[in-house]
Structure formats: C-alpha cells, structure tokens
Amino acid sequence: MLNINVKKLNEKAKIPTRGSQYAAGYDLYACIDGNVTIAPHATVKIGTGLAIAVPNGYFGAIFARSGLAAKSGLRPANCVGVADSDYRGEYIVALHNDSDEERTVCCGDRIAQLVIMPFLAVDFLENAELDETDRGNGGFGSTGK
C-alpha cells in the first residue's frame, strides 16, 4: 500500500475515503463556507480544503462520482482533472451542472473521486516517417461498422 501525505488547509476538510474495500477511487469532499448553488449548465469551483503530496511517478486523476453525475448531473467540468505530483496547492474541483435545474453543494458533500495512477515519462522524438500499421491514418469511426 502506498502512503500519501495530506495537509488539511481548513479544519473542516475531510481526508479522502473509499466507499468499499476494493474501490479504486477515494471520495473528495466539499470544504466550503455555507452552501453553493450551481445554476443549470454553469460551473463553480469547489474547494476540498486539502493539499495532497502525490509521489513522483504518479498523478491524481479526479473523476466524476458516478452516482452524483447520474442522479444530479454534477461532474468535473474538465471531465478528468490531472493533479501532478509536484502540485502542493488546494485540490479544487470545477463542478459543472449538466442538468436544467439548480443544484446545491454543501460542506461535507462528496463531489468527485480521486484515483492515484502511475504514468510514464517519455521523450518525444521528431521523425520524418512513422512505422506503417494496418490502420494507418484511419481516424474517428474507421475501425467500426
């Protein structure tokens, strides 16, 4: 198990939790003063009150909570947030309301989920030619019927 240091920037902040023993995502909680109303088709930044020290070689992927997205139409505005290992500021979720009704977020509400993921560091090498494949440059929909 990987140990990750978390700093509470606000005494009301909640440490991320998992909903079940084998859940990949850790719930992120709103840490705000009062309630925040998100108008239909609008985006509001919601703080978590936490700074998280993700280890080098990993990043924090911030995904929608499936129940919140399906039931309330709330999801991260950028669909998937990327928190790099060298970021030490507050984790903030730009929460977008896809519904046609106002939605209210309260302090302590679960607003997104954080998945810690490894990544590969690469060097991009410019080349005049690339190796040939059966697909070639076939793009959107080229492999389906």
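**Pockets and strands**

The second largest pocket is lined by Ile62, Pro76, Asn78, Gly81, Val82, Ala83, Tyr87, Glu90, Tyr91, Ile92, Val93 and Ala94. The model is a predicted one, with local features needing pLDDT of at least 70, side-chain atom pairs counting only at pLDDT 80 or more, and totals for chains, interfaces and linings using all residues. Residues are numbered from 1 along each chain as its sequence is written, and side-chain values use heavy atoms, leaving out hydrogens and water.

Back to that second largest pocket: its volume comes to about 160 Å³, where a volume is the space filled by probe spheres set on the grid points, which are joined across faces, edges and corners. Its lining splits into nine nonpolar residues, two polar and one charged. For this count Ala, Val, Leu, Ile, Met, Phe, Trp, Tyr, Cys and Pro are nonpolar, Asp, Glu, Lys and Arg are charged, and the others, Gly among them, are polar. Strands are DSSP runs of E, at least two residues long, numbered from the N terminus.

So what does β8 pair with? Strand β4 (residues 43-53) joins β8 (residues 90-97) over six bridges in the antiparallel sense, and Lys45 sits opposite Ala94 of β8. Strand β6 (residues 74-76) is also antiparallel to β8, over three bridges, with Leu74 partnered by Asn97. Two strands count as paired if DSSP finds at least two bridges between them.

As for β7, this strand belongs to an open, antiparallel sheet of four strands in the order β2-β10-β5-β7. Its edge strands are β2 (26-29) and β7, each pairing on one side only. From one strand to the next the twist averages 35 degrees, with axes fitted as lines to C-alpha atoms and angles running from 0 to 180 degrees between N-to-C directions. Three bridges tie β7 to the antiparallel β5 (residues 58-63), and Ala61 faces Val82 across that pair.

The largest pocket holds about 300 Å³ of space. Among the residues lining this pocket are Met1, Leu2, Tyr26, Ile52, Tyr58 and Ile116. By class, the lining has 11 nonpolar residues, one polar and no charged ones.

Note on methods. On a 1 Å grid over the protein atoms alone, a cavity is a set of points where a 1.4 Å probe fits but cannot get out, and a pocket is an open set with protein on both sides within 12 Å along at least five of seven lines; lining residues have an atom within 4 Å of a point.
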